[in-house]
Each structure stands twice: as C-alpha cells, then as structure tokens.
Amino acid sequence: MSISETTAPYGAARGAAVAAPRKAVTLSRLADMHASGEKIAMLTAYDATFAAVADAAGVDCLLVGDSLGMVCQGLDSTVAVSMEAMRHHTESVARGLRRAQGTAWLIADLPFGSYQESREQALRSAITLMQAGAQMVKLEGGGWTIDTVRFIVERGVPVCAHLGLTPQTVHALGGYKVQGRDDSSAARLQGDARALQDAGAAMLVLEMVPAALSARITDELARCATIGIGAGRGTAGQVLVMHDMLGINLGKPAKFVRNFMAGSDGIEQALRAYVQSVKDGTFPDDNLHAW
C-alpha cells in the first residue's frame, strides 16, 4: 500500500471523519504565527513515511537534521555526516510530503564542512539541498556566519540560524554544555541573535540556553522566530529529535526530553500529543531544567 493510499488514516482514526486539510505552512505563515504568539511545533524527520505521519499529525516544520548521523547511522556526533547523506534524506522526506500532499515547512541542515570554507561554498551547498526539496537551510553559529547568512538570503535561500550548543562544534565548546550562563557569553549570544536577524535569518534555533536568556532573545527578535531545544518555554516554538520524543533514543535522553509515547496508543497519537503540548505551552517543563 502506498503512502498516498494511507494518508487518510494518518489524519484521523479509522472510521472517524477526516478533518479538513490544513493550509500549507509557508514562510509568511510562520511569520504570522510568530507575530500572533502561536507556538511553532517542529520535529526532525529522516524518511518518507515518518514525514507523512508527522505532517498529518499537525507538525508545522520538519527538520532533516544532521542528527541523522547519530540516530540513523550510529555515529558518535554529527561531524562526519556528509552532504550526500543530507541530500539523500532530504529527498526522502520531501518525497514523502509530496506523495501525502503534505503541508509542513521543510528545513535541512547544512552539514559540517559544507559552508565553513566560503560563502560561495555555503550557497552551493544550500542549492543542493533546496534542489533536493528543502524550503529552508539551517547552519550553526554566529560571528563569521553572519556574512554567509546575508549572502545566501540575498540569493533567495531562506535561512534558519542556530545558536547556543552547536553540535557541529561540540569539541570546541568542550562538550554538550549549557551555553550563555555567564554575563559575557549571554551578551554574545544576544548580539549574535540580533545580527543574524539583521542578516535575514527568518528562524533561529536556540539549543541548551538558559530559559530566561532564550525568552529575552525571543522578545528582542520581531522578525526571526526562535525555536527552542532545551531552552525553556519562552521561545516562539520547540523542536525535538523525533526518536527522542518517541522514547527510542539509544543513549540516555536529555532531561528536557519528554517521551510522548508514554500513555499514547500509537505513534500518530504521540505526535499529536507533542504538537498539542507545544501549542498550549505545557511542553517543555522549565522546572526540569537545572539552568
């Protein structure tokens, strides 16, 4: 049975009325959500079937993350993920969305080594992923990336930036540690966030950043929607690795992760519970953070 033949059951329980299809999530729709205060629900996806299921469950944005290196390839970090792997998985997710007439906004990570050399290299890499089906690309870091963001945005590529814990440079950061705890690093994160917005970034992932700092950055960025992961509930939206929120992480899950399969009858219900919890602000639970 094809994905298109099973789309209706993804959107409603068997025998129940199928809800009216939602409108496509676009860049302008995401901006409207940010402006109105509607939380943005994002999840990672790496294949066609899970992309279709997540889309039907109401996930606003799907991220083909370089986290695929760890959850799909068994690597120790994201550093070794290749552009070919990112292209392959982006094509798979995009194909699943097309076959299921999906409406989620599709973002793909630029992998390590695909944009550090020059802004022209970054543009070539972005074009590869856009041609594979991505609607936006994500890159990590502030400072030197700001000119790169401006360069590729000016050439028609929507960009999601990423600050805080940046997994591609985890070795330089000294491990998986919370970022922005002291005044100087917090000020640097705020400055980079403003600069990335001014450069044209339309979204900004904040990873493992103190909740109060994430909320301040979110309040300062009128044109750039912040998406938190381990950064408190004060951001404009949330993202999790799909495997983590389904409780199938091979390692020890981070304390900010919630297993949405617990108490759910199946994957679709767990995905819907995640979306609802993001939308109503009950996820994440800031009390679970030690920062």
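## Strands, aromatic pairs and a cavity in a predicted model

Strand β1, helix α3 (residues 48–56) and strand β2 form a right-handed β-α-β unit. A crossover counts as right-handed if, with the strands pointing away from the viewer, the path from the first strand over the helix to the second runs clockwise. Helices (H or I, at least four residues) and strands (E, at least two) are DSSP runs, numbered from the N terminus. The model is predicted: local features need pLDDT of at least 70, side-chain atom pairs count only at pLDDT 80 or more, and totals for chains, interfaces and linings use all residues. Residues are numbered from 1 along each chain as its sequence is written, and side-chain values use heavy atoms, with hydrogens and water left out.

**Strand β2 and its neighbours**

β1 (residues 40–44) runs parallel to β2 and is joined to β2 by 3 bridges; two strands pair if DSSP finds at least two bridges between them. M42 has C61 of β2 as its bridge partner. β2 is also joined to strand β3 (residues 105–109), by 4 bridges, and these two strands run parallel. Here V64 stands opposite A108 of β3. Within β2 (residues 61–64), C61 and L63 point one way while L62 and V64 point the other way, and all are buried. Buried means under 20% relative accessible area, exposed over 50%, and partly exposed in between (1.4 Å probe, protein chains only).

**Aromatic contacts**

The count of aromatic pairs is 4. Rings of Phe, Tyr and Trp (its six-membered ring) pair if their centres lie within 6.5 Å; planes under 30 degrees apart are stacked, over 60 edge-to-face, and the rest tilted. One of the pairs is F260 with F283, edge-to-face, at 5.6 Å centre to centre and 75° between the planes. F260 lies in the loop between α11 (242–245) and α12 (267–280) and F283 in the segment after α12, so the pair ties together parts that are 23 residues apart in sequence. F260 is buried at 5% relative accessibility, and F283 is buried at 4%. With Y274, F260 and F283 form one aromatic cluster.

Elsewhere, R155 lies over the face of F151, at 3.7 Å from the ring centre. A charge sits over a ring if NZ of Lys or CZ of Arg is within 6 Å of the ring centre and within 35 degrees of the ring normal.

**Cavity**

There is 1 cavity of 30 Å³ or more, and the largest cavity has a volume of about 40 Å³. Of the 10 residues that line the largest cavity, I229, G230, Q238, F256 and F283 are the closest to its centre. β7 (225–229) and β8 (237–240) are the elements that give two or more residues to this lining; the largest share, 3 residues, comes from β8. On a 1 Å grid over the protein atoms alone, a cavity is a set of points where a 1.4 Å probe fits but cannot get out, and lining residues have an atom within 4 Å of a point. Grid points are joined across faces, edges and corners, and a volume is the space filled by probe spheres set on the points.

**Backbone exceptions**

Most residues other than glycine have a negative phi, and most peptide bonds are trans. The bond from F283 to P284 is cis, with omega near 5°, and P284 lies in the segment after α12.

Key:
1 Å grid on protein atoms, 1.4 Å probe; cavity = no way out; pocket = protein on both sides within 12 Å on 5 of 7 lines; lining within 4 Å.
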